[in-house]
Amino acid sequence: MTTDPTPGTTRSLGQLIDRLHQLPGIGPKSAQRIAYHIAHIADDEARALADAIVAVKDLILFCDECRNLTDASPCAICANPQRNRDQICVVEESRDLVALERTRVYRGLYHVLHGALSPLNGIGPEDIHLPQLFGRLQNEDNPLQELIVATNPTLEGDATADFIHRRLAGSGIRITRLALGLPVGGSLEFADETTLSRALAGRNQLE
Amino acid sequence: MTLPRTYRAVGLTLRKSPVGEADLVSSLYTREHGKLEVLARGARRLTSRLMGHFEPLTLVRLSISRGRSLDIVAEAEVVNAFPEVKAGYTGVARGLYVAELVDGFSALAVSNPALLDLALQTLNAIGANPDAPDDDAGANFPLRYFDLQLLNLSGFMPELYRCVECGEELEPERHRFAVGAGGALCPDCVTPEDVVVRSLSLPALKLLRLLHRTESVERLPRLSIPNPVQREVHGILNETLQHWLDRQVRSQAFLDATKLA
């Protein structure tokens with residue numbers, strides 16, 4: 001949408017502010033601040049930013065196996081022979097995969113849904129990459145032993161986990177969910193009752 | 001008289017939207033102030049004392065400070081998180097159906113405590129039978145009761161006792177129903193051409209009247225209603241809700257797509 005520029009600014013700056021404002025988490029003031037910053041940086045820096053945006057759109061695709069964003073399919077994780085092929089961790093977004101990789105604990109494969117079931121937004125199983133997950137598991141060569149559901153502990157994430165669990169009931173695959181409970185550095189006093197009851201349900205023996 | 005700087009409210013969370021780095025805006029239906037939109041600062045941070053309080057379908061007690069555009073949550077305490085409703089995706093979808101319609105049929109800061117009571121009773125009924133198939137009366141009746149009573153409490157109750165055209169009392173026979181005309185029609189009355197008319201069987205009319213006259217969802221009788229009648233009543237109520245909302249009920253589309261046999 002192109003509107004008349006705000007008095008004191010130009011049409012091109014106004015367009016940039018409008019575009020930045022459409023990005024998630026960027027309000028009108030932040031959009032204005034970033035646009036003025038871009039106007040002040042060196043030409044080659046601005047071009048590098050524009051080239052990086054274009055490159056993402058030109059080169060990024062979905063991995064045929066895990067649906068993660070990649071520049072070559074299969075992605076580096078799926079193509080890595082060192083990864084355990086008997087474990088798949090299901091995450092909502094690629095950034096969740098990045099967070100899990102940062103732990104350097106998990107060595108299995110992933111499946112990225114790019115969303116979660118959301119009745120309020122009309123997002124059903126066909127609107128996220130669930131059919132691809134079920135198709136992947138039906139492959140006879142698939143050595144899968146465990147499916148780790150790492151969707152967010154939100155209403156939508158829990159509903160997605162339950163949907164996957166019900167669809168795969170009786171498949172012989174062990175289906176697990178990330179432990180839910182108190183965060184490191186959190187305070188028991190202020191925890192809500194759902195978090196506390198889940199923390200109690202998932203308590204571990206001290207060893 | 002100036003308004004106090006802080007106030008308290010007990011309300012059911014209907015939806016939440018992320019804002020900025022770690023904040024969220026929660027929409028709630030409260031007993032004291034009707035529908036409110038409040039800002040929960042930092043509520044998306046893992047260590048926030050507000051985290052977990054604003055998941056939809058949670059009854060919370062809040063202390064709220066007045067803000068310039070949005071009021072700001074100072075303290076929150078969970079009263080009832082409806083864990084039985086949230087135990088599976090069907091309960092979640094049915095619960096969010098209630099939340100979506102309460103949100104759609106309410107205006108900001110207009111209090112209607114009976115609407116909150118209706119929503120809470122319906123959530124309790126959903127939680128008592130969260131995995132029942134959609135055509136099971138135990139799952140279907142509380143939702144249809146909610147549909148009709150929501151229309152009633154919001155001032156959109158369809159006429160079920162007299163013909164909306166001639167005003168005559170309806171005889172015990174097969175009738176017709178026109179959402180655009182406001183309710184049931186006797187067999188002979190003519191409606192304007194642009195009003196869509198559907199048939200209304202006598203058992204469906206009786207079921208609609210039963211839902212209207214029952215005092216609360218807990219008092220719904222245990223009846224064995226044939227599936228075609230349940231579907232007819234569901235169709236009429238769904239059409240009426242969409243007519244007044246002026247859009248599709250998104251969670252109904254989700255329920256249809258993930259229907260439990």
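A residue counts as partly exposed when the number of other C-beta atoms within 10 Å of its own falls between the buried limit of 20 or more and the exposed limit of 12 or fewer. In this predicted model, A:Ile148 has 19 other C-beta atoms within 10 Å and is therefore partly exposed. A:Ile148 belongs to strand 5 (residues 146–149) of chain A. Beyond its neighbours within four places in sequence, A:Ile148 contacts A:Gln87, A:Cys89, A:Val90, A:Thr176 and A:Leu178. A:Ile34 lies 114 residues away from A:Ile148 along the chain, and 40 Å separates their C-alpha atoms.

In chain B, strand 1 (residues 6–19) pairs with strand 4 (residues 59–65). The pairing is antiparallel and spans seven bridges. B:Leu62 in strand 4 of chain B stands opposite B:Ala9. Strand 1 of chain B also pairs with strand 2 (residues 23–30) of chain B, again in the antiparallel sense, over eight bridges. Here B:Val19 has B:Asp23 in strand 2 of chain B as its bridge partner. Three residues lie between the strands of this hairpin. B:Gly20 adopts a positive phi near 60° in the hairpin.

Helix packing was examined in chain B. Helix 4 (residues 202–213) of chain B crosses helix 5 (residues 227–245) of chain B at roughly 65°, and their axes come within 9 Å. The crossing of these two helices is right-handed. Helix 4 of chain B contributes B:Pro203, B:Ala204, B:Leu207 and B:Leu208 to the contact. Helix 5 of chain B meets them with B:Val229, B:Glu232, B:Val233 and B:Ile236. Of the residues in this contact, seven are nonpolar, none is polar and one is charged.

How values were computed. Residues numbered from 1 in each chain as written. Chains lettered and ligands numbered in written order. Predicted model: local features only at pLDDT ≥ 70, side-chain atom pairs only at ≥ 80, totals over all residues. Axes fitted to C-alpha atoms, helices over the stretch in contact; angles between N-to-C directions. Helix = DSSP H or I, 4+ residues; strand = E, 2+ residues; numbered from the N terminus. Left-handed = near helix turned anticlockwise from the far one by under 90°. Contact = placed C-beta atoms within 7 Å. Nonpolar A, V, L, I, M, F, W, Y, C, P; charged D, E, K, R; others polar. Pairing = 2+ DSSP bridges.
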